[in-house]
Amino acid sequence: NLHLLEPDLKKSRGGLRELHLMRWVAQVRYGVVHIEELERAGLIASGDAAVLAAAREFLLRVRNHLHFEASRAQDTLTMHDQVRLAERFGFADQPGLLGVERFMQRYYGHTASLDEEVARFVGRCRRHSPWRRAALRLAAQRIDGRFLLCGGELSPLESARDAVLGSLAGIVRLFAVASARGATVSHAARDAIREALVRLGDQDDNDARRAFLTLLQEPGRIAPALRDLDALGILERLVPEFRHVKGLIQFNQYHKYTIDEHTFLCIGTAEQFRGDTGPLGQVYRAIHHKDILHLALLLHDLGKGYDRDHSELGREIALRTAERFGLEPHRADLLVFLVHRHLLMAHLAFRRDTSDEQLLARFAREVGTPEVLKMLFVLTAADIAAVGPETWTTWKGDVLADLYARTMEKLSGDLPTLDAERAVAEVRERVAHVLVGAVPADWLDTHLDAMPRHYLLATPPERIGEHLRTIRTLPPREVVTAGRYDEARRVTEYTVYTYDDLTPGLFSKMTAVLAATGLQILGAEITTHRDGVVIDRFEVIDYDYNGEPPTARRAQIGATIRRVLLGEQSVEALFAGSGRIVPHSATPPPSYREPTQVQIDNDTSDRFTILDVFAHDRQGLLYVIAHAIFELGLSVSLAKIATSLDQVLDVFYVTDRSGNKVTDPARLDQIRDRLVQAIEAFERSSAHETV
């Protein structure tokens, strides 16, 4: 990929190997090897030669610094090197934009230009055999009396060349026809377009915008067409705000691509839903205003890289774009909502209890119409899938589809074919099959009724059956633990079964045991069933062992959890005996990290105050958070714990000790400040210990 997070200066696309390729091709085709010789021979334009020379100079400077620093051949531009070289090259921080992000934007600008120039040059040098040329001519198609489709490439007919290339609208229509036919615009046509654009200047062309909407309406090869329009400088003529995000990367390990690359991947992913046989394909094919959906995907992240919330700034960009494109009020409202609230559905699906009927009602009211919901569903899925490899999972698709289906029922009165109630019924049926003959049917129905919907939909039926077998033999005021190793993911999973009235601070005490025994918590699912049964599952890495921890180790940790929860051993004594809450990994903290954030949501749920915690992951952090929540006099009823690379994104549904929401503003400020202070103090102490 052209926009790797840590690119190889030689081997990545747009790297030095592409310059070598150009020289090899030039040597074979023309007998020259240097850029200057190609320019003097008229084989490349002077402007193209300048672009290539600038890219070569920049890449060689960066590569030399890498080699001198490493004292060896080192071509991978790591995130650590990016920070160091940004400072060395004089790229300072600006409001909303780190110096390293500005440096990498310059890097990606050079590599993208180099990649485009080399592709054009090699394309011009490619020659077909006479037989191949004859076969292509025989198979060629004329389209609309203006275009020739030959070998998967579209060009203007010679007789229509002036008409097509004589306006920006004609050029955009060329790409629209190519996309709809699943073709690309030929290299020769793109060279002619470059020359034509110089003559056209910066004309303001409403016809070009209408042609652009036509391109966005018809699925085919929209994303590749947009990449070509971007390389030609046409995209930023139509959407000037796009210029800001070209080659711009968010400097963290969650986002794998530059913003412009992520945008193109989003649109390409949405197009692929057309052939999907599941809910996303069904919904995508039913959307009427696909041009608005694709335009929203194009705009949704253009507000990044400024010192403002990117969704709020995106709303302003969408308003300007709607006015610039002359959209009717209804279509303009669609565009603005989708851009402004593009994170809403993911936020609710993955960070809220979507079994809450009040949450569904508020979401349905905000979305307003089935049409908007369809578009937001597809936009959300495409946005998640385009973040990076393996970001999209079947589970995420199921959770989003469930939220979509139940919200659509409220908006339209009809439950879509992706029926959540039917899905729950199917889960119950499969669980009953797993447990046939093992438990009484009435006992099973009672306990399934007590299980939250999100637990039933997110947990495999075989696992639910396993949990129920344990619950069946769980005595009152007792604790049962189970530990097993997942070889494929190289994590150990600990499941704790007990009752919510066993002891105050259940969650805090469990995380204390895991922290004190040196385990790194990657994720957790904390579930309290309506009958008081607690099933808490933790996924951890045990750094004391390279591979699967011994059975005795897992049993020892389970026994410790039981003793602490039953009051047979105190948390204080546990830490005093272990001294293990500082990070066990030898990896130092990054030179840059996202700031700690604690957000409080008192609107989504009528029963709970919701705490969202965003922080840099360190071993023992979850215990620090859970202990602070306990000391604040709060009870955790539901928690969704997730670690994404080096970031934790944790959600806690809490009440006060009386079971009520926290509503006093001063008290809410105290909770937020106390959590931030606890996390920051822990990070300072753990960073000191690491050093």
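Trainee: Are F377 and Y404 buried or exposed?

Mentor: This is a predicted model, in which local features need pLDDT of at least 70, side-chain atom pairs count only at pLDDT 80 or more, and totals for chains, interfaces and linings use all residues. Residues are numbered from 1 along each chain as its sequence is written, and side-chain values use heavy atoms, leaving out hydrogens and water. Buried means under 20% relative accessible area, exposed over 50% and partly exposed in between (1.4 Å probe, protein chains only). On that scale, F377 and Y404 are both buried.

Trainee: What kind of pair do the rings of F377 and Y404 form?

Mentor: Rings of Phe, Tyr and Trp (its six-membered ring) pair if their centres lie within 6.5 Å; planes under 30 degrees apart count as stacked, over 60 as edge-to-face and the rest as tilted. For F377 and Y404 the centres are 4.7 Å apart and the planes at 15 degrees, so the pair is stacked.

Trainee: Which class applies to the aromatic pair of Y30 and F121?

Mentor: Y30 is partly exposed, with a relative accessible area of 31%, whereas F121 is buried at 1%. Their ring centres are 6.2 Å apart with 55 degrees between the planes, and the pair is tilted.

Trainee: Over which ring does the charged end of R61 sit?

Mentor: A charge sits over a ring if NZ of Lys or CZ of Arg is within 6 Å of the ring centre and within 35 degrees of the ring normal. The charged end of R61 lies 4.3 Å from the centre of the ring in question, that of F89.
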